[in-house]
Amino acid sequence: MPPTEEDIAWFRSTFHPIPKPALPDDTIEYSLYILSPSESENDSETRVRLRDVQKQATDLQRQYLKDYIWQRQGFSLELNKEDGLSLLRGRTEYGDSVEDEWVVVWLLRELTRKFNDLWVKVTDNDGEFLLIEASGTLPAWLEPEVAENRVWINNGQLKIVKPAANARSSRRTDEKLTLGQARDVLLREPKRIMHSASIEEEAFFRLRNYPAQIAENMHNAVITVPRKIAFLLHQKPAYVSPAVEAFYLRDPIALKPLQKKENHDSMVFPPEDAVTVSVRFPRVAYAQLKSQDFAAPAVFAGFMPSRTESKAFAQAETGMKVTCGFEMLVTDSQYQDRPAVREMKMLLDDLESGDESLPSDDEIKQWDKREDDEKWLDIDFNDLEKELDGQKGKKPGFGDKAAQENLQRIVKQFEDFLNDDKTGPDAEGLFGDDSDDDDLMDDDDDDEEGEDKEASFGEDEFTKIMQEMMGMPPEVMKEIMSGKLPADAHDPAARAKLRRPDEVPGRRVEEVVDDSDEDESEDMQAFMKQMERELRGSGALELGSAQAKQPAIKARGKDVKKPGQAVEDELSSDDDIDNEIDIDLARNLLESLRAQGGTAGPGSNLMSMMGFDRLHDDDDDDDDEVVAGPSRR
């Protein structure tokens, strides 16, 4: 019986494809495709071209990376097949050495310069990390959710697949590309391939000094190690990386055999037959060694020079750490499956069988002995701050040039972010999609006189705000703002006219508006001035002053008058009643009251502290304006 439509719908709703496993931490993965517009080229011809790419990659490594030591894994390419299409794929675990990741990117970029039809896709456990590097220059639509399979390296350039015209607005797109769709676009829709010089410059910024910088990723140091270790490192200098990592990530179980002096005779690398040789380290590995405060284990007792011999002690101490790493590497069970450990054990077996012999002192003297300056390890934080500010510290050439440029670039990007009008909590598109680019162009600009445009608005707008906040009739507010009302508010009967309708029996809003005679206007003027005095007395209008920093409740007792107390005392000639009302305060209070919607909240609480406790919606008013009345407590 064939499945029904209901069965098919159920299957689609319950079936979830197995997700692609995420890359391990500190790992870069790269895929290389030969994409030719020629329809006649078959897969066998593609494989031949890919083998040429492999050969060229080997030549590049031989030319530029002959003396390079990878922190964990090196660059490698293997022939694979995906969806019927042959490709090269590789994966490199770079560990703590981020420079290894960029060496891989540089190699891939160089390969694309030698093969015009080679397209490279590269990601790490963060995803499209090249876009992360160039995040400050990306178009608005290129968000992480739609970035997968859009970023490619071809002909030495960074190229991005744009969304289809019918799948993109001016600001964003929901179009996601599969790998097959992306390959089709690269082959058949060249107009959708975007190349931006600014994005490319930021994405490849770390490659600006390559290939010269490759040699600077290494550090040569003279150390004292057992002769067996000197033999192993002479055979393959890269053995130092797993040994340093074993030391750096040591645990008590791996270190336990070294803590007993009686285990000295059973050591693979006993310390008595020691020689001083030059060893090449990855910079990260050498920094890991030097940064560890590690007392010599018991098996080294009697083999370390005196601390008074500073140079000899420093060489022996570094060599002691390397020796502990090698010892743990070849004896701890957790490392026995590593290819490097198996190779070392084979060489040690050859020494035991006599097929190989340890180097003599004369032979060791013939080896190259290089020792690099360690000033890049010395960090003075005062000098670091000066370098970040673009100044020179006490020590010329603080760190290396690449480190200085990277740090200053980070600071510049952060400053650009802070100064960008399109960033921050009010950024365009953060809370909605209705904003335009033009809406944010001049929001924070000041005019020629330095006036803040955000807090600058006309008299009509201010009148409207005060009317809404205080519940004033429009005619009264206009007369107050024009200065036509006299400053006399001692008549209690006139003040009663300004109360809410439910506070004066038989009075309605219409009556208040209709009876706005000269006496009422005088009362309103006096009331407004009293309100301003109370706000100033509580410190609410003294923004930024010492008075504003005092609790408002302390000032309130001095300024709020008891019922029946004369208001004239507060309106003396010495009072500063003509000062400009703070517009920001009025606006913020209004917005807070609006947001509360008549419920309790910070805005109403603040007004209550300043003596205005009647803050609620007027149920009798069709316009639902917020009405405020002076406190009568």
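Visitor: What should I know about the model and the numbering?
Guide: The model is predicted, so local features need pLDDT of at least 70 and side-chain atom pairs count only at pLDDT 80 or more, while totals for chains, interfaces and linings use all residues. Residues are numbered from 1 along each chain as its sequence is written, and side-chain values use heavy atoms, with hydrogens and water left out.

Visitor: How many salt bridges are in the whole structure?
Guide: The search finds 18, a salt bridge being a side-chain nitrogen of Lys or Arg within 4 Å of a carboxyl oxygen of Asp or Glu.

Visitor: Which residue does aspartate 184 pair with?
Guide: Its partner is arginine 188, at 3.2 Å from N to O.

Visitor: Why can those two reach each other along the chain?
Guide: Aspartate 184 and arginine 188 are 4 residues apart in helix H5 (residues 179-188), so about one helical turn separates them. Helices here are DSSP runs of H or I with at least four residues, numbered from the N terminus.

Visitor: Is aspartate 184 buried, partly exposed or exposed?
Guide: Partly exposed, at 40% relative accessibility. Buried means under 20% relative accessible area, exposed over 50%, and partly exposed in between, with a 1.4 Å probe and protein chains only.

Visitor: And what about glutamate 189 and arginine 192?
Guide: Their side chains form a salt bridge at 3.6 Å, N to O. Glutamate 189 is partly exposed at 36%, whereas arginine 192 is buried at 12%.

Visitor: Which residues are joined in a network?
Guide: Arg72, Glu93, Glu245 and Arg338, through salt bridges that share partners.

Visitor: Changing topic: at what angle do H12 and H13 pack?
Guide: Helix H12 (residues 310-331) and helix H13 (residues 339-353) pack at about 95 degrees, with axes 10 Å apart. That makes H12 roughly perpendicular to H13, a label for angles of 65 to 115 degrees. Axes are lines fitted to C-alpha atoms over the stretch in contact, and angles run from 0 to 180 degrees between N-to-C directions.

Visitor: Which residues meet there?
Guide: Phe326, Leu329 and Val330 of H12 meet Val341, Met344 and Lys345 of H13, where contact means heavy atoms within 4.5 Å.

Visitor: Where does threonine 323 lie, then?
Guide: In helix H12, and threonine 323 is buried at 1% relative accessibility.

Visitor: What does threonine 323 touch?
Guide: Val225, Pro226, Ile229, Phe269 and Phe300, not counting residues up to four places away in sequence. A polar atom of the threonine 323 side chain also lies 2.8 Å from the backbone oxygen of glycine 319.

Key
Helices (H or I, at least four residues) and strands (E, at least two) are DSSP runs, numbered from the N terminus. Angles under 35 degrees count as roughly parallel, over 145 as roughly antiparallel, 65 to 115 as roughly perpendicular and the rest as oblique. A polar contact is a pair of N or O atoms within 3.5 Å; within protein, one must be able to donate a hydrogen and the other to accept it, and residues adjacent in sequence count only if both atoms are side-chain atoms.
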